[in-house]
Amino acid sequence: MSWAKWVRGAEVEPSLYAADFARLGEQVGELLDAGVRIFHFDMGDGHFVEPVTIGPVVLGSIAPLVRERGGVLDCHLMVENPDRHIPQIARAGGHSVTFHHEVTREPGRLVELARAHGLGAGLAFNPETAVADAAAAANGCDLVLCMSIHPGYSGQAFMPEALDRIRELRGRLPDDVHVQVDGGIGPENAEEVREAGANLLVAGSAVFGAEDVAGAYARLTSALS
Ligand code: DX5
Ligand code: ZN
């Protein structure tokens, strides 16, 4: 199992951080029924980002359902110490980890650690980080995540300057490395983000803020095809 097999062209990844946690299993089930393959899972440690978000306990509670239905758990580590958390994500049933460029000088070592635990690997970078620096650090990664907000919370507005950064990133990476974008994506900008070169679009509030989460996912996905 690998990113090359998981991705069907362009993917909308519902961000579970924005889910209704009292109904998490139900919402995940509805989204699987609607055709979701990849779920985005945001782990924040209260240091690299202000909030403590969700972690291995919640991941472990939904992993059996997602795995049984052929889904994928793509874990965005908004943490200062990915070394500590990568093995926990693997034990809890995650499929892939994305750590931040801003927290490591040894991205290659973290990619190896992820692989040693049977995980996919990605590198994320913040709006303040130079695209060229992130792209140069992404050797061996399956994906590079261009943040289009400051990480920490769902529901923030998309930063329009991200579009140029996505274009630059796409141009700097080999063709087989996926470009992911996270933050403020919705029906009003999904197509532009795709056209700029991203094929993995994370969407939190645009999916879970809707009355009908499955319908919101379906509309976003159809805007990309
Ligand atoms: C926040 C997370 C995002 C968040 C996106 O830092 O990394 O994945 O859930 O939520 P929206 O799509 O609402 O910006
Ligand atoms: Zn995220």
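**A zinc site and its salt bridges**

The site of the zinc ion (ligand 2) is octahedral, with angles of 72 to 171° among its 6 donor atoms. Donors are N, O and S atoms within 2.8 Å of the metal (3.2 Å for Na, K and Ca); six are octahedral if opposite donors are over 155 degrees apart and all others between 65 and 115. This is a predicted model, with local features needing pLDDT of at least 70 and side-chain atom pairs pLDDT 80 or more, while totals for chains, interfaces and linings use all residues. Residues are numbered from 1 along each chain as written, chains are lettered from A and ligands numbered from 1 in written order, and side-chain values use heavy atoms, without hydrogens or water.

Which residues coordinate the zinc ion (ligand 2)? His40 (NE2), Asp42 (OD), His76 (ND1) and Asp182 (OD) do, at 2.0 to 2.3 Å. Their spacing in sequence is H-x1-D-x33-H-x105-D. His40 sits in strand 2 (residues 38-44) and His76 in strand 3, so the pair ties together parts 36 residues apart in sequence. Strands are DSSP runs of E, at least two residues; helices are runs of H or I, at least four. Both His40 and His76 are buried (under 20% relative accessible area; exposed is over 50%, partly exposed in between; 1.4 Å probe).

Now the salt bridges. The structure holds 9 (Lys or Arg side-chain nitrogen within 4 Å of an Asp or Glu carboxyl oxygen). Arg115 pairs with Asp142, with 3.0 Å between the closest N and O atoms. This pair links distant parts of the chain, 27 residues apart. Arg115 is partly exposed at 37%; Asp142 is buried at 18%. Arg172 meets Glu168 at 2.7 Å. These two are 4 residues apart in helix 7 (residues 162-172), so about one helical turn separates them.

Notes:
Tetrahedral: all angles 85-135°; square planar, octahedral: opposite > 155°, others 65-115°.
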